[in-house]
Amino acid sequence: MKQKRFFLREDEIPSQWYNIQADMPVKPQPMLNPATRQAVKEEDLYPVFARELCRQELDTEHRWFDIPDEVREQYTYYRPTPLVRAYGLEKELDTPAHIYFKNESVSPVGSHKLNSALAQAYYCKKEGVKNVTTETGAGQWGTALSYAARLFGLEAAVYQVRISYEQKPYRRSMMQVFGAQVTPSPSMSTRAGKDILTRTPHHQGSLGTAISEAVELARMTPDCKYTLGSVMSHVALHQTVIGLEAEKQMEMAGEYPDVVIACFGGGSNFGGISFPFMRHVFSGERKTRFVAAEPVACPKLTRGKFGYDFGDEAGYTPLMPMFTLGHDFTPANIHAGGLRYHGAGVIVSQLLKDGYMEAVDIGQHDSFAAGCMFARCEGIIPAPESCHAIAATVAEALKCRESGESKVLLFNLSGHGLVDMSAYDQYIAGNL
């Protein structure tokens with residue numbers, strides 16, 4: 001019988017995260033202090049982030065960072081995550097392609113986000129921080145941070161994008177179960193929120209608005225730091241545990257990916273699955289393609305412009321060199337709330353500029369069609385965000401069917417959709 005799932009032992013969980021910045025042929029351009037227009041230094045970030053995270057963010061020299069024992073111990077509760085050969089999907093598509101997916105939905109909170117939440121909560125706790133703030137779109141990151149904060153004895157305040165707060169009540173409930181305070185954004189609790197609501201009273205929110213509110217709260221609250229689930233380089237660093245495991249598991253399967261695919265909001269799960277494999281492209285050992293799948297409603301990679309822009313709507317963050325739709329961009333109210341961000345992280349923006357990765361945009365109906373197909377073939381209902389990666393994988397598999405070429409496709413199943421069923425209800429009823 002063919003092996004379908006590839007498991008590593010607990011002692012094979014990576015002991016280090018991989019820092020792709022050290023190997024990039026062209027380093028990312030620096031973030032800029034908006035007041036001075038000078039390159040951001042570590043100390044410029046101290047008022048907002050834990051100091052160790054600031055060091056990781058700006059480090060372009062060290063290839064590896066040790067995973068703290070306390071974080072790795074928490075990883076053992078759900079890692080290593082399985083690599084799965086999607087035989088059912090292959091049969092449904094009648095494709096010669098070999099399709100694999102890394103199943104990050106098995107974490108306690110149902111997504112890959114916990115990989116970085118545990119690290120960020122640990123570093124905050126180690127620094128003596130008592131409170132953490134963050135933003136969340138669909139709620140996967142907010143849920144992960146709420147759980148991690150509780151594990152490390154921190155109080156968490158989460159600003160959830162208002163449209164997702166209304167669309168996804170069970171995500172909100174999960175955060176509250178873990179003890180977090182959850183506020184729909186924009187709100188009247190911060191100056192940034194008040195200004196946005198004054199301009200646009202019925203604003204449905206965006207990740208840019210929620211970031212502004214969370215950063216402001218962190219700055220105004222003693223013993224408090226801001227955390228975030230994507231975009232920043234240190235977040236992608238923590239997520240490389242995904243790709244490093246997948247490398248070992250692909251070796252167990254006796255294959256190597258020709259194409260690596262992930263959905264794309266700010267870049268965390270894309271970087272997590274892709275960066276470890278990409279280092280072999282830099283060295284000339286491999287010729288793997290890397291495909292980021294973003295929504296048509298928020299196409300920063302496929303239709304955005306590269307330039308310096310703020311990471312939030314109010315302009316509290318440093319200026320970041322990114323592909324962006326503009327920091328005041330408010331996307332349509334799609335259900336893939338985690339992908340509704342106006343810009344891309346500085347690392348992936350540079351990689352896209354240099355041709356090491358590519359991007360496709362996926363319509364909401366196409367993404368849900370692919371998600372339903374995957375669920376019927378593999379028994380896992382994917383998160384709306386993950387559906388975009390599945391749709392891009394299906395497109396690649398169909399190309400293989402047309403050409404007769406047998407390629408190895410690997411995608412990241414970043415999370416399950418069991419608390420997103422209202423979105424599936426609307427899709428099935430034709431009301432999406």
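Student: Which helices each supply at least two residues of the lining of the largest pocket?

Tutor: First, the general idea: on a 1 Å grid over the protein atoms alone, a pocket is an open set of points with protein on both sides within 12 Å along at least five of seven lines, and lining residues have an atom within 4 Å of a point. Helices are DSSP runs (H or I, at least four residues) and strands are too (E, at least two), numbered from the N terminus. Here, α1 (42-45) and α10 (207-220) each supply at least two lining residues, and α10 gives the most, with three. One caution: this is a predicted model, where local features need pLDDT of at least 70 and side-chain atom pairs count only at pLDDT 80 or more, while totals for chains, interfaces and linings use all residues. Residues are numbered from 1 along each chain as its sequence is written, and side-chain values use heavy atoms, with hydrogens and water left out.

Student: How much space lies in the largest pocket, and which residues lie nearest its centre?

Tutor: A volume is the space filled by probe spheres set on the grid points, which are joined across faces, edges and corners. For the largest pocket that comes to about 320 Å³. It has 22 lining residues, with L45, V48, Y316, T317 and P318 nearest the centre.

Student: How do the residues of that lining divide?

Tutor: Ala, Val, Leu, Ile, Met, Phe, Trp, Tyr, Cys and Pro count as nonpolar, Asp, Glu, Lys and Arg as charged, and the others, Gly among them, as polar. In the largest pocket you get 17 nonpolar, three polar and two charged.

Student: What lines the second largest pocket?

Tutor: Its lining includes Q21, P28, M31, E57 and V346.

Student: How many cavities does a search of the whole structure find?

Tutor: A cavity is a set of points where a 1.4 Å probe fits but cannot get out. The search turns up three of 30 Å³ or more. The largest cavity has a volume of about 300 Å³, and of its 26 lining residues, K113, L207, G229, S230 and G338 are the closest to the centre. Its lining has nine nonpolar, 14 polar and three charged residues.

Student: Which residues lie nearest the centre of the second largest cavity?

Tutor: Those are V231, M232, A236, G266 and G267, out of 14 lining residues. This cavity holds about 70 Å³, and its lining has eight nonpolar, six polar and no charged residues.
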